[in-house]
Structures are given as C-alpha cells and as structure tokens.
Amino acid sequence: MIHHVQLACPPGSEPALRAFYEGVLGLVEIPKPPVLASRGGCWFRGHDGIELHLGVEADFRPARKAHPGLLVRDIDEWARRLGEAGYPVVFDDDFPGMRRFHSEDPHGNRLEFLEPIG
C-alpha cells in the first residue's frame, strides 16, 4: 500500500495548487505537520485515503515522465472537468484493460487518470 506520492512545485505556488487539486480534482487539503509547514507546499488526500504531497523545490522543474497514476470512476467526467478548466486531456489505448488519459497540474507535472475497462 502507498501512503503518499510527492510531486515538486515552485515556491509561492500554493494558491494555484489549491485551486487545482481542491477546486478541479476535488481532493481535500490536509494540514502539514508544523515542522514541515514552514517549508511551503500543500498536502491533499483523495477519497480512498491516498495522499498527494506537493513540496517546494527552489530550482523546480516539472515531472514530465514520472507521475502518479490516479485510479478513478467515470473517467469521462474527469476528462470533462479537466478540459473545461483548461488542462490538457490526452487519451490513449496503450494500457491493456484500462481506459486512461494524461493531463498535468498547473506547473506541468504529469498526471495519469485510469479506469478499468468492464
């Protein structure tokens, strides 16, 4: 079982992260422990308990290949929400047994959304 996945973000990006991960994806922001909060960034939790941690990197570069794979229900609804919010939605058929698409967060980190077929 995985507790969390961490992605990097640029300094001062917390408002954009909240707008995306809470506003578009519907995740819930959870408080960082005080000793870690001073470092910046945000933590979010999904419906099934997995967490996404966004940590500040001074020399930030988005993860273009490495990415979390987010298992979802009603993948077309997720694609619609992301597309309407102005984020890319690129479907492919390269993962047998899954419908999937790739998108990205406000800072260009790659995200994969998957739903089992059938």
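A pocket is an open set of points on a 1 Å grid over the protein atoms alone, where a 1.4 Å probe fits, with protein on both sides within 12 Å along at least five of seven lines; lining residues have an atom within 4 Å of a point.

This is a predicted model, in which local features need pLDDT of at least 70 and side-chain atom pairs count only at pLDDT 80 or more, while totals for chains, interfaces and linings use all residues. Residues are numbered from 1 along each chain as its sequence is written, and side-chain values use heavy atoms, with hydrogens and water left out.

**Figure 1. The largest pocket.** The largest pocket holds about 560 Å³ of space, the volume being that filled by probe spheres set on the grid points, which are joined across faces, edges and corners. Its lining has 19 residues, and those closest to the centre are Asp48, Ile50, Leu70, Leu71 and Val72. Strands (DSSP runs of E, at least two residues, numbered from the N terminus) β3 (42-45) and β5 (69-71) each give two or more residues to the lining. The largest share, three residues, comes from β5.

**Figure 2. Histidine 53 in strand β4.** Histidine 53 sits in β4 (residues 51-56) and is buried at 3% relative accessible area (buried is under 20%, exposed over 50%, partly exposed in between; 1.4 Å probe, protein chains only). Its side chain makes a polar contact with that of glutamate 51 at 2.7 Å (a pair of N or O atoms within 3.5 Å, one able to donate a hydrogen and the other to accept it; residues adjacent in sequence count only if both atoms are side-chain atoms). Apart from neighbours within four places in sequence, the contacts of histidine 53 include Cys42 and Trp43 (heavy atoms within 4.5 Å).

**Figure 3. Asparagine 109 in the loop between β7 and β8.** Asparagine 109, in the loop between β7 (98-104) and β8 (110-116), is buried, with 1% relative accessibility. Its side chain reaches the backbone oxygen of alanine 8 at 2.8 Å and the backbone nitrogen of alanine 63 at 2.9 Å.

**Figure 4. Salt bridge between arginine 99 and aspartate 76.** The closest N and O atoms of this salt bridge are 2.9 Å apart (a side-chain nitrogen of Lys or Arg within 4 Å of a carboxyl oxygen of Asp or Glu). Arginine 99 lies in strand β7 and aspartate 76 in helix α3 (residues 75-84), so the pair ties together parts 23 residues apart in sequence (helices are DSSP runs of H or I, at least four residues). Arginine 99 is partly exposed at 32%, as is aspartate 76 at 43%.
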